[in-house]
Amino acid sequence: MKNKTYQLPRYEVVRHLLKTEGRIKNKKLLELGTDSGDFAYQLKNDGFDVVASGLEEDKKRFKYHDTIKFIRADFDKEFPFEKASFDIVVGLEIIEHLENVQGFIRKLSYVLRDEGILILSTPNILNIISRLRFLFEGAYNFFKEPPLELERDPKINSESIHIYPVRFQELELFLYRNNMRVEQIATCDTKEYLRWNPLFLLLRLFSYCQMTSKANKSKIKGGYNYFQMRDRLLSDELFFGKHLIVKAKKF
């Protein structure tokens, strides 16, 4: 599995990941949660055959109805797409808003063709800043506001509330259960100075020692192999990255 940190906007990271797949022209791509449609339009210009989808609010904001097909869908409810109808599905910053993440990923696997590519992004709640916030506040980054108060606020669209923090571990499991295997972990918007902050260097070293001890004890007892998870959790992408971007392939 490849890991990589990009100093690029999230949408540009996704375009880069897709271009590594080789042939682009006429591949059928579904972009979920499209908003204004600017990213869908970029993907169309890249050569993909794009279908955009989102809520009624997205349909109103979408600017490219004349050139890109838009299909309205509430991802917690209906999923109006045929089986194995897309080569690629892209869903950025969606799963943290949903009531049933595993059910949603099952739908994504349903519409993907064999060897199809899925790219998802979500707030990275495993980065060191988020872990420290949880220690002191009991809330992760991007989940710090009380959701019930947001729900009661008439100025807030309830569909925009972050309700489901997803760790990489669960996301990888949900993908595997639905015949998809993670090929790459990426991140963006990483602050370079964090890597050399003395406090974070010390915390990373402490975490490495603690997790290595746990992995060695498990190995001696014939238990699970924790070394791979140690290396993932302490990678630059998960330890410092603001957003978790996962590229998976259906098998």
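Me: Hi! Which side chains are joined by a polar contact of 2.7 Å?
Reply: Those of Arg-15 and Asp-46 are, in this predicted model.

Me: Nice, and where is Arg-15 found?
Reply: Arg-15 is part of helix H1.

Me: What else does the Arg-15 side chain join through a polar contact, at 3.2 Å?
Reply: That would be the side chain of Glu-12.

Me: Is Arg-15 buried or exposed, then?
Reply: Arg-15 has a relative accessibility of 15%, so it counts as buried. Setting aside neighbours within four places in sequence, Arg-15 is in contact with Phe-39, Gln-42, Leu-43 and Asp-46.

Me: What does Arg-10 touch, if I skip residues up to four places away in sequence?
Reply: Arg-10 touches Leu-92, Glu-93, Ser-121, Cys-188, Asp-189, His-243 and Ile-245. With His-243 there is also a polar contact between the side chains, at 3.2 Å.

Me: Glu-93 is on that list. Where does Glu-93 sit?
Reply: Glu-93 lies in the loop between strand E5 (86-92) and H4. Its relative accessibility is 16%, so Glu-93 counts as buried.

Me: And what is the phi of Glu-93?
Reply: Glu-93 has a positive phi of about 55°, although it is not a glycine.

Me: Why does that deserve a remark?
Reply: Because most residues other than glycine have a negative phi.

Me: OK, what about Asn-26, what is its phi?
Reply: Phi of Asn-26 is near 70°, again a positive value in a residue other than glycine. Asn-26 is in the loop between H1 and strand E2 (28-32).

Me: Buried or exposed there?
Reply: Asn-26 is exposed, with a relative accessible area of 54%. Glu-93, by contrast, counts as buried.

Me: Switching topic: which residues of helix H7 are buried?
Reply: In H7 (residues 168-177), the buried ones are Phe-168, Gln-169, Leu-171, Phe-174 and Leu-175.

Me: What do they pack against?
Reply: Several elements. The buried residues of H7 pack against the helices H4 (101-111), H9 (227-233) and H10 (236-240), and against the strands E6 (112-123), E7 (180-187) and E8 (243-250).

Me: Which residue with a positive phi follows H7?
Reply: Asn-179 does, and its phi is near 65°.

Me: Zooming out, how many helices and strands are there?
Reply: The protein has 10 helices and 8 strands. Its radius of gyration is 19 Å, close to the 18 Å that the globule rule gives for 251 residues, so the protein is as compact as a globular protein of that length.

Me: What box do the C-alpha atoms fill?
Reply: Roughly 60 × 45 × 35 Å, taken along the principal axes.

Me: How much of the protein is buried?
Reply: Of its 251 residues, 47% count as buried. The accessible surface comes to about 13400 Å², and 52% of that belongs to carbon and sulfur atoms.

Me: And what share of the contacts with a separation of 6 or more is between residues 24 or more positions apart?
Reply: Such pairs account for 71% of them.

Conventions: Residues numbered from 1 in each chain as written. Predicted model: local features only at pLDDT ≥ 70, side-chain atom pairs only at ≥ 80, totals over all residues. Heavy atoms only, no water. Helix = DSSP H or I, 4+ residues; strand = E, 2+ residues; numbered from the N terminus. Rg over C-alpha atoms; globule rule 2.2 N^0.38 Å. Buried < 20%, exposed > 50% of the residue type's maximum accessible area, 1.4 Å probe, protein only. Contact = heavy atoms within 4.5 Å. Areas by Shrake-Rupley, 256 points an atom, 1.4 Å probe, with all protein chains shown as cover. Polar contact = N/O pair within 3.5 Å; in protein donor to acceptor, adjacent residues only side chain to side chain.
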